[in-house]
Amino acid sequence: MGGRTINVLNVAEKPSVAKSVATILSRNQGLRIREGRSRYNKIFEFSYSIRGQPCHMLVTSVTGHLMELEFDERYRKWHSCDPAELYHAPVRKYVPEDKKDIRRTLEEEARRCQWLVLWLDCDREGENIAFEVIEVCAAVNRHLILKRARFSALIDREIHEAVQNLVEPNQWFADAVDARQEIDLRIGASFTRFQTMLLRDAFAMDSVTDDKNLVLSYGPCQFPTLGFIVERYWEIQSHEPEEFWTINCSHRSDEGLATFNWMRGNMFDYTSAVIIYEMCVEEPTATVTNVRHHERLKYPPHPLNTIELEKRASRYFRMSSEQTMKVAEELYQAGFISYPRTETDTFPSRTDLHTIVEEQQGHPDWGSYAQRLLDSGAGLWRNPSSGGHDDKAHPPIQPTKFSTGESGWREEHWKLYELVVRHFLACVSQPAVGAETIIELDIAGELFSASGRVILAKNYLDVYRFESWGGSMIPPYVVGQQFIPTALTLDSGVTRPPPLLSEADLLSCMDKEGIGTDATMHDHIKKLLDRFYATKDTNMRFTPTNLGESLVMGYDDMGYKLWKPYLRAVMERDMKAVSEGAKSKAEVLASSLQQMKACFLDARLNKVKLFEAMEVFFERSNRSGGDEQHVAGEVVRRCGLCQEEDMVLKRKPDGNFMVGCLGFPQCRNAIWLPGPVSEAAVTTNICNICTPGPVYKIQFKFRLLEIPPNYNANHLGCIGGCDETLIQLIEICGTGSRMPARGRGPTAPSSNGYQSNTRQGSCIYCQETGHSSSGCPSQLSVSRNARSRGMNHHNEGTSVSCSTCGTPCALRTANTANNRGRKFYSCPSRDCNFFVWEDSVNNGTGGSSLGSNTGRTSNASRNSGRGRGNRGGLHAAATAFVSATGDPVSGRRCFVCGDPSHFANGCPNRGT
DNA sequence: GCAAGGTC
């Protein structure tokens, strides 16, 4: 090799990498810097030798993608074409306006170079950007020789090795991204245009926003993210509290107080709990059966990556992920922390951890801790653990410059810098050490246990002030020791639904299901807020808006998983196949676009489902103009709800029949007819049972294949409530409509149009289990108006407000073994524990068998939902069997009625 | 006026 000097154009993904590469390769010798056409992307120049070839090196950068994908001009305008055409409309890549100056720099420099070396990040997106750079440069210099530098970190050895071992750019990687971009664009644009144009003007959405240009966007990342929020919301709505019982024991001695928990945990059968409890009270002597001591370690966190930074900032400082990334970016730009967009939670082995700690020694708050870390005699140092993720591009987030705070910093800068530093110091520290004691008791054959913990060494907890480790003292006990408990109580509680999703929960869901990347997750969350699909409360928890819930409900009723993460997962698999050469880009594009187009066309055919879902929450707008004309039909009877208009038989555009009030949308009385109806016509035959009359009978024809064999295809039926055949067919086959019930849990099947109607054992009208549909008090007529926000299918009114927080409480129906059918009010607010049985409100006792309105489980037990065996706190629950003197033995009396002449299991007043 | 992905 050797010979005359060649010009080499080096291009990095961002200015900071260009600077690092240039600094490392030039060894800071003879490095010249000049301006490019764009403000941020400088050009570095120096001499270098690649495998003996003398080179004049020019190092510059882009800022991420240089190009965007867009439809051809003819398809840009929303009304320019049918959205279905967007699945095959021509697309092209172009350099957007704000990137044109970068393109000019590349063109100008490429003209005078012989080689182009691509220093883009070594991931799929980076490879794709590499080809964008190639496209621009090769267009002005056909003779350019193209090379790719592969590096995994910006350190000397890696960079020098990379430049001496240049490889070919990887077309497969770039193709995978091309496919992803095209699929995202076509699906996103087609569904967004479709649902925006369909719904925006059809419904009065002033309650959502005054913005007349509201866009109802659909995206393969934003919708699954919304789906997580809605799903949790539904789970909460459909939660049925279950009453449970547990025995608590406490013992106060000169040494202090010990609280023992029943080892059976929570028992859901009242009678069994009472019987066991009475056995304990009859023989209350406690014998200590076991005393165990052992050492416990609490480990520091793994090195910090983006998602953990976002989650922790949300938990510790209540910062949104979007805000966190903005502030982290600013700290990064100013050089205080390392690159904040990283998946890596493992320090590369060559990281000089000691130097980073040394830099922090002078800090007034954590400087002395840093000094202790460096003192080998203190034994505080520990080599950091590995979280097991490495994106091969960036290290974990760590401090890169010492600061005691800068004049331009806001509170968020302070907090985030402190988090990054303390997190780093924690990572290289020993775990906290605790001594735990567990004491086990036997009372009448029942086992109880208590535990205590003493922290022996705080270690990393000294610097990581965001975490704590509760220590609780427990008096000493010895095996064989006996005592009479100070209190032995039978306490009750009810299971609580899980909480709304927090921002940290949401990020975890997205991470787990592969929705978005660490650099974009916060964007998707913000988009949901910007689009009015969800709101975030002061506790950083997300609730879907009516709009968000309607959209998910609509697609769910079509039976589509468009709001689930599967679509993205399939796409991710396809991308992987393309990047490995197992499938071609064209293959993946053709198959997934064909599938998505079919899905789109089908969704459009079923658009009535979206309408119905929207009708649950929104009034029809006058502007609707009749996109969804209801065909006027024949009168069946007078509307019993508004008593002003007639109910008429209609066939919906999807082919299903219903009887609806002509007063729609003011009156929403509607009766949905069985799905298998193929024809229906109102006759002059008047039902002689149903009142108020007249109710005209309808001649039905059913599709034989869709109904059970013992039913006839032809049926003269009545919709007034007397017709068992009709009721049974609706129960068996479902209606053509979505059901009035919400609160569907994740287990609800939805593979066919009838799924929500075929659940066993519950009434199809009101979804309650206490009666069958033929005995439903609402009969066939269900007012869709009742299905408003915040009321689930158990709601019967909102006449009680929470005495704790004032929130109106829904009246619901219990479905527990002991209280089936019994009504109760419970506060919908997450942090409120208000609960009261309706009968105790009505008879003026104000309390319930739970002893008080606050007999709730604690926060700690909520996450487990129906958590059998959960030991959540029950401290405020009924205290049933402790005498005034504190001696349980002398105070023996029936738990149920208080009579000392018998126990609860023989009580004549006890319910079953 | 649509997506998601880079990054400033």
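Two strands count as paired here if DSSP finds at least two bridges between them. Keep that in mind while walking through this model, which is a predicted one.

Let's start with a pair of strands. Strand β7, residues 115-119, runs parallel to β8, and 4 bridges join the two.

Now zoom out. β7 and β8 belong to an open sheet of 6 strands, ordered β2-β3-β4-β1-β7-β8, with mixed pairing. Which strands sit at the edges? Those are β2 (32-34) and β8 (145-148), each of which pairs on one side only. Going from one strand to the next, the twist averages 30°.

Helices come next. Helix α3, residues 124-140, packs on the sheet and touches β1 (6-12), β7 and β8. Its direction makes about 155° with that of β7. Then there's helix α4, residues 156-164, lying across β3 (43-50), β4 (53-61) and β7. Relative to β3, α4 runs at about 65°.

There's another strand pairing to look at: β5 (residues 68-71) and β6 (residues 91-94). Over 4 bridges, β5 and β6 pair in the antiparallel sense, and Phe 71 stands opposite Val 91 in β6. In a regular strand, side chains alternate between the two faces of the sheet.

Terms used
Residues numbered from 1 in each chain as written. Chains lettered and ligands numbered in written order. Predicted model: local features only at pLDDT ≥ 70, side-chain atom pairs only at ≥ 80, totals over all residues. Heavy atoms only, no water. Axes fitted to C-alpha atoms, helices over the stretch in contact; angles between N-to-C directions. Contact = heavy atoms within 4.5 Å.
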